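Please read its points alongside the model shown here.

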Amino acid sequence: MPRGRSTFGKRQKEQQRQQRQRDKALRRSERKQTKPEVPLDDMDELQKHAEEQAALFRLGDDEQSTDASPTPPEWER
């Protein structure tokens, strides 16, 4: 009974697996190279929006701190 056939099949299967891994790595590297970068205009726009949001939050803090008579917590009453 020939024993070489199963060894040949295993070797072919392993070669196919290695080729799939190489193809997968190649596709991954191509995706990284063609990945769109965020243009500076968009970054500037995002920064401006973040600053506007921060200003709105700071505006609300100023209103609370100008109260003439803040109520003390219950445990101080």
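**Notes on the model**

1. Glu14 and Arg17 stand 3 residues apart in helix H1, which means that about one helical turn separates them. Glu14 forms a salt bridge with Arg17, and their closest N and O atoms are 2.6 Å apart. A salt bridge here is a side-chain nitrogen of Lys or Arg within 4 Å of a carboxyl oxygen of Asp or Glu. The search of the whole structure finds 1 salt bridge. Both partners are partly exposed: Glu14 has 33% relative accessibility, and Arg17 has a relative accessible area of 38%.

2. The model is predicted; local features need pLDDT of at least 70 and side-chain atom pairs count only at pLDDT 80 or more, while totals for chains, interfaces and linings use all residues. Residues are numbered from 1 along each chain as its sequence is written, and side-chain values use heavy atoms, with hydrogens and water left out.

3. The protein chain has 2 helices and 0 strands. Helices (H or I, at least four residues) and strands (E, at least two) are DSSP runs, numbered from the N terminus. Of the 77 residues in the protein chain, 0% are buried; buried means under 20% relative accessible area, exposed over 50%, and partly exposed in between (1.4 Å probe, protein chains only). The accessible surface of the chain is about 8200 Å², and carbon and sulfur atoms account for 52% of that area.

4. Lys24, Arg27, Arg28, Arg31, Lys32 and Lys35 form a positive surface patch. Patches are made of residues with over 30% relative accessible area and no salt bridge, like charges being joined within 9 Å and nonpolar side chains (Val, Leu, Ile, Met, Phe, Trp, Tyr) within 5 Å. One member, Arg28, lies in helix H1, residues 4-33, and is partly exposed with a relative accessible area of 38%.

5. A negative surface patch consists of Asp41, Asp42, Asp44 and Glu45. Among them, Asp41 is placed in helix H2, which covers residues 40-65. Asp41 is exposed, at a relative accessible area of 61%.

6. Ser29 also belongs to helix H1. A polar atom of the Ser29 side chain lies 2.8 Å from the backbone oxygen of Leu26. Ser29 itself is partly exposed, with a relative accessible area of 29%.

Definitions and conventions: Areas by Shrake-Rupley, 256 points an atom, 1.4 Å probe, with all protein chains shown as cover. Lys, Arg positive; Asp, Glu negative; His and termini not counted. Charge placed at Lys NZ, Arg CZ, Asp CG, Glu CD. Polar contact = N/O pair within 3.5 Å; in protein donor to acceptor, adjacent residues only side chain to side chain.
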